[in-house]
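Me: I have a chain open here and would like to go through it. Can you take me round?

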Amino acid sequence: MPKLKSNRSAKKRFRKTGTGKVRRYQAFTNHILTKKTSKRKRALRKGALVHPADEKRIKRLLLM
């Protein structure tokens with residue numbers, strides 16, 4: 001049986017933390033930034049954790 005391949009697009013978007021959870025980047029940071037407040041844009045720079053309901057699917061894509 002051949003080796004399983006991880007999903008390359010998921011590999012670029014998510015990474016595993018030391019405790020085994022999955023980190024993600026925030027959305028809404030690429031364009032139409034003029035109407036967003038500085039405070040909001042600053043908060044969006046920080047990463048977030050994937051919701052536990054979606055974590056199993058993401059881990060399967062990454063083959064963790």
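Reply: What follows goes from the overall fold to single residues. Bear in mind that this is a predicted model.

Me: Fine. How many helices and strands are in the chain?

Reply: The chain has three helices and three strands. Their order along the sequence is α-β-β-α-β-α.

Me: What radius of gyration does the chain have, against a compact globule of 64 residues?

Reply: The chain has 15 Å, whereas a compact globule of 64 residues would be near 11 Å. The C-alpha trace spans about 50 × 25 × 20 Å along its principal axes.

Me: And what share of the residues is buried?

Reply: Buried residues are 20% of the 64 in the chain. The chain exposes about 5900 Å², and 55% of that comes from carbon and sulfur atoms.

Me: What about contacts between residues 24 or more positions apart?

Reply: Taking the contacts with a separation of 6 or more, 59% are between residues 24 or more positions apart.

Me: Which residues make up the largest nonpolar core?

Reply: Six residues: A10, F14, V22, V50, I58 and L62. In soluble globular proteins, nonpolar side chains tend to be buried together.

Me: Take A10, then. What is A10 in contact with, leaving aside neighbours within four places in sequence?

Reply: A10 contacts L61 and L62. Of these two, L62 is listed with A10 in the largest nonpolar core.

Me: Changing topic, backbone angles. What is phi of F28?

Reply: Phi of F28 is near 70°, which is positive, and F28 is not a glycine. F28 sits in the loop between β2 (22-24) and α2 (38-45).

Me: Is F28 buried or exposed?

Reply: F28 counts as exposed because its relative accessible area is 61%, and the cut-off for exposed is over 50%.

Me: Where is I32, and what is its phi?

Reply: I32 is also in the loop between β2 and α2. Its phi is positive, about 55°, although I32 is not a glycine.

Me: Last one, R42. Where is R42 found?

Reply: R42 is in helix α2. With a relative accessible area of 43%, R42 is partly exposed.

Technical notes
Residues are numbered from 1 along each chain as its sequence is written. This is a predicted model: local features need pLDDT of at least 70, side-chain atom pairs count only at pLDDT 80 or more; totals for chains, interfaces and linings use all residues. Side-chain values use heavy atoms; hydrogens and water are left out. Helices (H or I, at least four residues) and strands (E, at least two) are DSSP runs, numbered from the N terminus. The radius of gyration is taken over C-alpha atoms; the globule rule is 2.2 Å times the number of residues to the power 0.38. Buried means under 20% relative accessible area, exposed over 50%, partly exposed in between (1.4 Å probe, protein chains only). Contact means heavy atoms within 4.5 Å. Accessible areas come from the Shrake-Rupley method with a 1.4 Å probe; for residues, only the protein chains shown count as cover. A nonpolar core is a set of buried Ala, Val, Leu, Ile, Met, Phe, Trp, Tyr and Cys residues joined through side-chain atoms within 4.5 Å.
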